[in-house]
Amino acid sequence: MKYLYIISFVLLAFSCAPEKPKGSEEFPDQPTSKSAVEDVISDPTKGIGAIKNVTLKTPLELDRVGRGLSIYDMKCGACHKLTDQRVVGPGWKDITKRRQPEWIMNMITNVDVMLEKDPEAQKMLELCLMRMPNQNMSIGDARDVLEYMRQNDGEK
Amino acid sequence: MKTLIKSVVLLLIVATAITFNSCKPKGPQEAVVGNAASKVYVAPGKYDEFYNIVSGGFNGQMSVYGIPSGRLFRILPVFSQFPENGYGYSEETKPMLNTSHGYVPWDDLHHIALSLTKGEHDGRWAFGNANNTPRVARINLKTFKTEEILELPNSGGNHSSPFITENSEYIVAGTRFSVPIGENRDVPISTYKENFKGTISFIKIDPITGRMNIGFQLKTPGVNFDLSRAGKGPSHGWFFFSCYNTEQAYTLLEVNATQKDKDFIMAVNWKKAEEYIAQGKGEKVKARYVHNILDEKTHMASSEMMTEVLQLDPAILKDIIYFIPCPKSPHGCDTDPTGQYIVASGKLAAIIPVFSFAKIQAAIAAKDFEGEFAGIPVIKYESALHGEVKKPGLGPLHTEFDEKGNAYTSFFVSSEIVKWNVESLQVLDRVPTYYSIGHLSVPGGPTSKPHGKYVIAYNKITKDRYLPTGPELTQSAQLYDISGDKMQLLLDFPTTGEPHYAESIPASLIAPNSVKIFKIEDNTHPYVAKGEKEAKVIRKGNEVHVYMTAIRSHLVPDNIEGIKMGDVVYFHVTNLEQDWDVPHGFAVKGAANAEILVMPGETQTLKWTPDEIGVVPFYCTDFCSALHQEMQGYARVSPAASNVPLKFSTGVVEETGSK
């Protein structure tokens with residue numbers, strides 16, 4: 001008898017199964033940012049995202065440094081100091097010595113996936129307890145910021 | 001004496017019981033059948049198929065629901081202040097509510113018109129009307145913000161509005177109350193017939209920006225205009241308005257405006273009006289009305305006082321308007337998707353007349369008139385008539401259409417929706433509503449291409465349908481499936497304010513374009529701080545301007561000193577976030593004001609006049625992060641004569657406090 005009840009419940013559940021509203025496939029069910037690239041790069045020190053290989057030049061590209069500074073002031077400086085002091089996020093001093101350039105740029109442009117999958121990014125989240133926000137930056141913006149970080153770390 | 005009181009009380013109870021019962025529809029009390037729940041179930045995390053943009057009536061706002069679930073997503077402030085996000089309270093949004101009467105913080109929003117291209121929804125803008133202090137508003141459906149409000153001069157109440165032409169050329173505004181207009185307005189009320197005029201404003205919509213301006217205004221005889229619809233397809237270029245009070249009563253309209261068996265549908269040839277304007281026959285008259293616009297880059301609204309309006313007098317300039325007799329006190333006036341038929345619903349009529357556009361044209365060509373009303377020709381009823389829907393129900397109000405040639409008319413008195421065929425005029429089906437339906441909405445129902453599928457009833461009375469909440473009860477809507485031959489009740493859902501008209505539009509026309517953030521790079525607000533380096537405090541006389549930034553989870557500056565009694569402090573808060581769904585809020589203790597809610601990349605300003613000496617806390621009001629409770633600060637207020645210097649900081653710790 002008990003089983004009969006269960007079966008009737010199952011039947012009921014099926015007969016009430018939600019009909020998928022038509023047209024809901026035309027736009028995504030969940031918000032995903034354009035930069036959310038999920039394929040894992042073979043070299044884990046480079047992070048996860050669209051940036052696979054960055055070529056750094058010496059001497060520094062000064063136009064990039066200038067643009068990177070103004071982006072830093074507007075979008076980064078509220079949480080990242082240029083010293084090694086951690087406030088909301090870690091200070092930037094020596095970041096280019098600790099991290100691969102690809103990792104830094106993937107963290108900037110693909111932060112949601114990085115925080116979900118990259119072990120190094122997750123360690124930072126555990127330390128800071130604040131998800132780094134998506135600041136709507138292009139790959140070009142991230143490259144400029146990287147150049148500014150190199151200058152901050154004393155490169156010429 | 002005691003017995004007398006007792007019998008009076010008893011009588012009252014009986015009377016109440018009778019009234020209560022008479023509000024209930026006859027027929028089935030419970031019309032819900034088996035699979036209704038599955039048809040409205042939208043699984044967690046899934047999206048609805050339609051947006052339902054619903055007028056808020058006396059809350060002065062619009063609300064956004066999902067269909068078929070009936071879930072409320074947002075309330076959009078339009079004509080009323082909204083302390084929840086600071087609309088009408090912040091310095092940026094206060095100008096939106098300016099009128100020629102000054103700041104008017106409330107109105108009564110009745111009708112929605114969604115923008116059209118080639119007769120179909122294009123998902124760009126929603127328009128709404130202010131019934132009390134005559135205005136129209138435009139909401140951008142990318143940001144869901146009220147971007148523009150235009151006041152209407154020479155209007156005594158804007159009910160017949162903001163219905164729209166098939167390519168969004170115009171929205172209209174017809175006066176509910178006729179009033180004396182022009183220079184001499186101090187006249188006895190009893191001179192209604194001589195001195196009171198109606199006006200119909202045709203508001204031109206810029207096809208790119210959506211900006212509104214009054215193209216022209218038609219001066220009409222003094223009557224009440226109720227509702228309207230544009231022609232479409234073959235009738236594009238015409239507009240149809242329902243008129244009541246052709247008795248021209250000015251008191252006890254309940255009795256005095258219901259004397260005649262027929263009032264009018266007014267047909268307006270607006271292309272003809274445009275011809276007269278091109279010939280220079282319009283008259284520019286002085287008028288005072290305010291035009292308010294929100295700039296998306298500065299995030300600020302500004303107001304402009306307008307000084308004249310172009311008027312046409314159809315009693316002199318012939319062939320612009322014609323009257324068609326219509327039984328009795330018509331309310332809804334709806335054109336079918338083909339544009340061939342105009343359905344007029346006489347609130348007090350026992351039939352629904354359906355007029356034929358082709359027959360109206362033939363009657364005009366043949367001068368088939370029964371006479372004139374205030375200098376305007378009146379077409380013979382039979383000459384304009386396609387036919388009558390016989391015995392449809394009691395108190396017809398509004399009609400919407402599906403894609404199969406059927407009409408759905410709401411009946412207030414008999415609390416039902418009646419489905420009938422537009423060509424054959426045969427009644428096909430009827431369902432009860434709970435209770436006293438006003439407007440109704442079929443997705444795409446007023447367009448050339450209805451989507452059909454559902455009809456939504458917006459009811460005036462809910463009575464026993466929901467858990468009681470004292471004398472004031474929730475308002476409600478009801479969703480019906482109209483995909484089959486028989487209409488099927490699926491869902492009751494509560495609504496905010498008092499819903500009047502609403503439109504439903506496929507989510508696919510709006511959702512993909514929805515703006516997620518405002519780019520901080522594009523912010524040109526005069527008090528923006530693009531980064532913490534630009535945060536500062538500046539004194540200008542007794543004004544103190546705080547350029548403040550907000551990002552998870554701190555405000556810069558969060559320590560401010562040097563404010564004095566007698567100062568007026570403006571907190572200009574810029575949200576530095578560039579991520580979706582991360583607004584920051586801001587509030588100050590004791591501020592005679594609301595909060596402000598600042599979207600990512602936006603700047604909003606909260607004005608605060610300190611009223612006592614001391615240290616005043618402020619904080620972020622929108623839970624933004626794990627350290628949201630830490631997102632706070634202090635402002636020190638000193639006596640007027642004090643010499644505490646102006647200073648500000650964040651993260652600076654002084655070992656010993658001084659002064």
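Me: What average pLDDT does chain A have?
Reply: This is a predicted model, and chain A averages a pLDDT of 81. A score of at least 70 is reached by 73% of its residues.

Me: And where in chain A does pLDDT stay under 50?
Reply: That stretch is residues 1-41 of chain A. The model has 45 contacts beyond four places in sequence for these residues. Where pLDDT is low, the predicted coordinates should not be read in detail.

Me: How many helices and strands are there in chain A?
Reply: Chain A has 7 helices and 0 strands. Along the sequence, the pattern reads α-α-α-α-α-α-α.

Me: What share of chain A is buried?
Reply: Of the 156 residues in chain A, 33% are buried. As for contacts between residues at least 6 apart in sequence, 73% of those in chain A join residues at least 24 apart.

Me: Turning to helix α4 of chain A, how many of its residues are buried?
Reply: The count is 9 of the 9 residues in α4, residues 101-109, so the helix is largely enclosed by the rest of the structure. Among these buried residues are A:W103, A:I104, A:M105 and A:I108.

Me: What covers the buried residues of α4(A)?
Reply: The cover includes four helices of chain A, namely α3 (95-98), α5 (111-117), α6 (119-128) and α7.

Me: Staying with α3, is A:I95 buried or exposed?
Reply: A:I95, which lies in helix α3 of chain A, is buried because 20 other C-beta atoms lie within 10 Å, and 20 is the number at which a residue counts as buried.

Me: Which residues does A:I95 touch?
Reply: Leaving aside residues up to four places away in sequence, A:I95 touches A:I104 and A:M149. A:I104 is itself one of the buried residues of α4(A).

Me: How far apart in space are A:I95 and A:R64?
Reply: Their C-alpha atoms are 18 Å apart, with a separation of 31 residues in sequence.

Me: At what angle do the axes of α2(A) and α7(A) cross?
Reply: The axes cross at roughly 100° and come within 7 Å.

Me: Now chain B. What is its secondary structure?
Reply: Chain B comes to 7 helices and 46 strands. Its radius of gyration is 28 Å, close to the 26 Å that the globule rule gives for 659 residues, so chain B is as compact as a globular protein of that length.

Me: What are the spans of chain B along its principal axes?
Reply: The C-alpha trace of chain B spans about 90 × 65 × 65 Å. Buried residues account for 52% of the 659 residues of chain B.

Me: Finally, how many residues of chain A are in contact with chain B?
Reply: There are 25 residues of chain A in contact with 35 residues of chain B. The side of chain A that touches chain B divides into 13 nonpolar, 6 polar and 6 charged residues.

Key:
Residues are numbered from 1 along each chain as its sequence is written. Chains are lettered from A and ligands numbered from 1 in the order in which they are written. This is a predicted model: local features need pLDDT of at least 70, side-chain atom pairs count only at pLDDT 80 or more; totals for chains, interfaces and linings use all residues. Axes are lines fitted to C-alpha atoms, for helices over the stretch in contact, and angles run from 0 to 180 degrees between N-to-C directions. Helices (H or I, at least four residues) and strands (E, at least two) are DSSP runs, numbered from the N terminus. pLDDT is the predictor's confidence in each residue, from 0 to 100. Two residues are in contact if their C-beta atoms, placed from the backbone, lie within 7 Å. A residue is buried if 20 or more other C-beta atoms lie within 10 Å of its own, exposed if 12 or fewer, and partly exposed in between; C-beta atoms are placed from the backbone. The radius of gyration is taken over C-alpha atoms; the globule rule is 2.2 Å times the number of residues to the power 0.38. Ala, Val, Leu, Ile, Met, Phe, Trp, Tyr, Cys and Pro count as nonpolar, Asp, Glu, Lys and Arg as charged, and the others, Gly among them, as polar.
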